[in-house]
Amino acid sequence: MRSFLFQILFFSFTTLLSAQEVSFRAEPSRKSLGENERLRVDFIMNREGDNFTPPSFENFEYSGPTQSVSNSWINGVRSFSKTYTYMLQPKKKGKLTIGAASVIIEGKEYKTKPLTIEVTDPVANPRSAQTTPPTSPFGNNSPFGNFPFGFDPFGTEEVQSMEIIEPTKEDLFITAEVSSNHVFVNQPVTITYKMYLSARFGIAGFESIEDPRYANFWSQQLLDKLQVTEVVHNGKPFRCITLKQVLLYPQQSGEQEISPLSTSFVLQLPSNQVDFFGNRSYVTRSRRLQSNALKIKVSPLPEEGKPANFSGAVGKFSLSLNFPTRTVNAGETAQGEVIISGKGNFKLFDMPKLTFPPALEVYTPKEEEHLNHSATGVSGDITHTYTIVPQYKGKFPIAPLSFTFFDPETQKYETLTLDPFTIEVPNGEEYNATSPENTSEVAQEKGQFAPLKTEAKLAPINRAVFFGSGLFYLLWLLPIVLIPIVLLLRYFYQKRNDDTAENRSRRTNRLAKKYLSAAKKNIHNKELFYESMERGLHTYLKAKLHIETSELSKDKVRELLEEKQVESSTIARFLQLLSNCEMARYAPYTQADIDNDYEQAASIIALLDKQL
């Protein structure tokens with residue numbers, strides 16, 4: 001009994017696992033057809049997928065796709081099927097290949113196997129791509145005449161032509177929603193781009209979303225992915241897709257125009273046909289939409305009442321100081337913070353800086369940000385941390401720190417001020433502003449007094465002026481004198497390199513000296529002479545033709561020289577000279593033959609160098 005129950009459980013478990021396996025396949029209505037017949041190909045998946053990519057169908061004329069979805073529950077087991085159907089007409093005869101389609105299911109790419117379709121000569125009675133529905137065994141009195149959706153499972157219904165429902169402007173549109181059309185410079189504005197789609201339609205995917213140009217605005221994207229919600233618009237159900245949301249801070253006053261956002265996407269359109277399970281069939285079409293352009297009126301900040309220390313901050317801020325240690329020994333380190341917090345155009349204004357006496361060594365403040373970007377603006381805080389290392393004894397006053405911002409709500413400037421404080425150093429040397437040690441290079445903050453300078457660098461009042469001097473006129477005339485000299489030198493250089501008998505002789509001697517120097521040294525030793533000359537000829541070929549020693553066969557050399565369009569007589573003389581080098585090892589050669597071969601080698605190298 002236990003074994004029987006185990007077998008039942010095992011069978012149920014394996015059945016469930018097999019039902020969960022992802023399947024994506026291509027099924028043709030037939031694999032052989034006439035050239036004048038049509039073919040139907042179904043791409044079927046058993047899970048919902050994204051980014052379906054069909055084959056190129058390069059050997060076929062095609063239409064489609066039409067899309068159908070089936071979703072059912074049988075005995076507690078879900079059955080799902082989604083099909084993309086294409087109708088194909090072959091362009092030629094023969095064995096034609098339909099490539100693989102691909103789809104992304106649960107983040108993984110799946111591909112169908114390529115199909116091979118045999119196309120024969122045109123047939124007398126071509127069949128359609130759809131198989132003819134069978135005749136109902138009940139004749140015209142079929143009990144399924146009133147089957148839902150007008151579908152007869154025994155094929156007595158008439159095939160309907162497909163009609164596609166297109167969306168109207170009220171069914172599909174994009175809006176650009178702006179938080180305010182009238183703001184001050186550096187006051188935040190949020191624009192949200194939304195696509196509204198009637199619930200009857202669907203979107204298979206977005207091909208591109210082109211951002212508008214935000215000229216004269218500082219911008220920050222607020223969304224990193226699309227957001228989809230179900231809404232009711234004018235009493236009808238819609239899908240609302242938030243495409244973009246951007247936070248803007250205007251940087252220039254006047255009427256600013258923002259160009260439309262445009263997007264390309266694949267739209268799913270319902271048809272008047274249904275599948276076996278009564279689910280409506282859909283077709284996909286590419287569409288492109290754009291939003292309306294926007295105009296925002298930006299007012300300048302008022303000049304009346306603007307403090308001198310205003311650095312562009314707009315919003316609502318607070319200023320605080322955190323300097324816990326105000327008594328420091330010489331050589332020790334103390335740190336303090338200046339914090340600006342609130343809501344406004346952070347990063348678009350200058351932080352106020354503390355002013356320290358030159359006796360205190362202060363490092364450049366370290367900046368730390370804790371900012372949050374939202375549809376209402378940027379909020380958070382920015383902290384400047386100062387590090388002080390005092391070297392001298394004394395009490396050093398720190399001037400009060402002030403910060404001014406413009407509040408758009410009250411339309412007034414507000415100034416925040418921190419009280420002055422003192423840093424006390426109880427030990428160390430006394431500070432002397434005129435001592436040489438204190439006149440060294442010290443990092444000075446803006447607004448501080450520099451140490452007194454003990455040495456002056458003065459220049460005479462009546463010093464000589466360069467313009468109009470003798471050196472000025474000499475440099476002015478120098479190019480006029482140099483141009484004829486350069487032209488004359490160029491003339492002699494070209495004349496020297498002309499193809500004259502003297503130059504040819506000079507070139508021949510130079511190449512012979514470069515490649516045949518070893519052969520000339522051994523001109524009275526036949527074996528060593530021909531070995532050196534052969535090595536020199538090979539070295540020349542390798543340098544000119546960029547080949548290896550293993551490739552230096554006569555046939556290869558002839559082929560390469562012919563490709564370089566070297567004259568055939570020159571090639572023949574060169575190969576003959578190589579043959580002489582080989583034959584000289586086994587045949588008697590006189591000194592006259594050796595001298596003649598040397599002259600021939602020098603001459604041929606010169607000819608090759610000219611033709612290559």
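Mentor: Start with the whole chain. The model is predicted. Its accessible surface comes to about 37,800 Å², and carbon and sulfur atoms hold 52% of that. The chain has 612 residues, and 35% of them are buried. It contains 8 helices and 31 strands. Now look at contacts with a separation of 6 or more. Of these, 70% join residues 24 or more positions apart.

Now go to the part you asked for. Find strand 21, residues 294-299. Which strands pair with strand 21? One is strand 12, residues 182-184, which runs parallel to strand 21 and is joined to it by 3 bridges. Look for His-182, which stands opposite Lys-297 in strand 21. Another partner is strand 18, residues 254-258. Strand 18 and strand 21 pair in the antiparallel sense, over 5 bridges. Here Gln-256 has Ile-296 of strand 21 as its bridge partner. Both senses of pairing can occur, because strands of a sheet pair through backbone hydrogen bonds, either parallel or antiparallel.

Follow the chain onward from strand 12. Is Asn-186 buried or exposed? Its relative accessible area is 8%, under the 20% limit, so Asn-186 is buried. Check its backbone too. Phi of Asn-186 is near 70 degrees, a positive value in a residue other than glycine. Most residues other than glycine have a negative phi.

Compare another loop. Asn-234 lies between strand 16 (227-233) and strand 17 (236-250). Phi of Asn-234 is also positive, near 55 degrees. Its relative accessible area is 69%, over the 50% limit, so Asn-234 counts as exposed.

Gly-202 has its place in strand 14, residues 202-210. With 9% relative accessibility, Gly-202 counts as buried. What touches Gly-202, apart from its neighbours within four places in sequence? The contacts are Leu-197, Arg-239, Val-266, Leu-267 and Gln-268. Also find Tyr-282, which is 80 residues from Gly-202 along the chain. The C-alpha atoms of Gly-202 and Tyr-282 are separated by 9.0 Å.

The second residue is Thr-383, in strand 26, residues 377-390. Thr-383 is buried, at 8% relative accessibility. Leave out residues up to four places away in sequence. Thr-383 then touches Glu-337, Val-338 and Ile-339, and also Lys-366, Glu-367 and Glu-368.

Strand 7 pairs with strand 10, residues 115-120, in the antiparallel sense over 5 bridges. In that pair, Gly-94 stands opposite Val-119.

The other open sheet has 3 strands in the order 4-8-9, with antiparallel pairing. Strand 4 (50-53) and strand 9 (108-111) are the edges, each pairing on one side only. Neighbouring strands of this sheet are turned by 25 degrees against each other on average, direction ignored. Strand 8, residues 102-105, is joined to strand 9 by 4 bridges, and the two run antiparallel. Ile-104 stands opposite Glu-109 there.

An unreviewed UniProt entry lists residues 471-493 as "transmembrane region". In the model, this span is 100% helix and 0% strand. Its end C-alpha atoms lie 32 Å apart.

Then go to helix 8, residues 591-611. Helix 8 has 21 residues and reaches 30 Å from its first C-alpha to its last, close to the 30 Å expected at 1.5 Å a residue. Which residues of helix 8 are buried? Among them are Ile-594, Asp-597, Tyr-598, Ala-601 and Ala-602. Ile-604, Ile-605, Ala-606 and Leu-608 are buried too. Look at the spacing as you step along. An α-helix has 3.6 residues a turn, so residues three or four places apart point the same way.

Technical notes
Residues are numbered from 1 along each chain as its sequence is written. This is a predicted model: local features need pLDDT of at least 70, side-chain atom pairs count only at pLDDT 80 or more; totals for chains, interfaces and linings use all residues. Side-chain values use heavy atoms; hydrogens and water are left out. Buried means under 20% relative accessible area, exposed over 50%, partly exposed in between (1.4 Å probe, protein chains only). Contact means heavy atoms within 4.5 Å. Accessible areas come from the Shrake-Rupley method with a 1.4 Å probe; for residues, only the protein chains shown count as cover. The expected span of a helix is 1.5 Å times one less than its number of residues. Two strands pair if DSSP finds at least two bridges between them. UniProt positions are given in the numbering used here, feature names are shortened, and annotations may be inferred rather than shown by experiment. Axes are lines fitted to C-alpha atoms, for helices over the stretch in contact, and angles run from 0 to 180 degrees between N-to-C directions.
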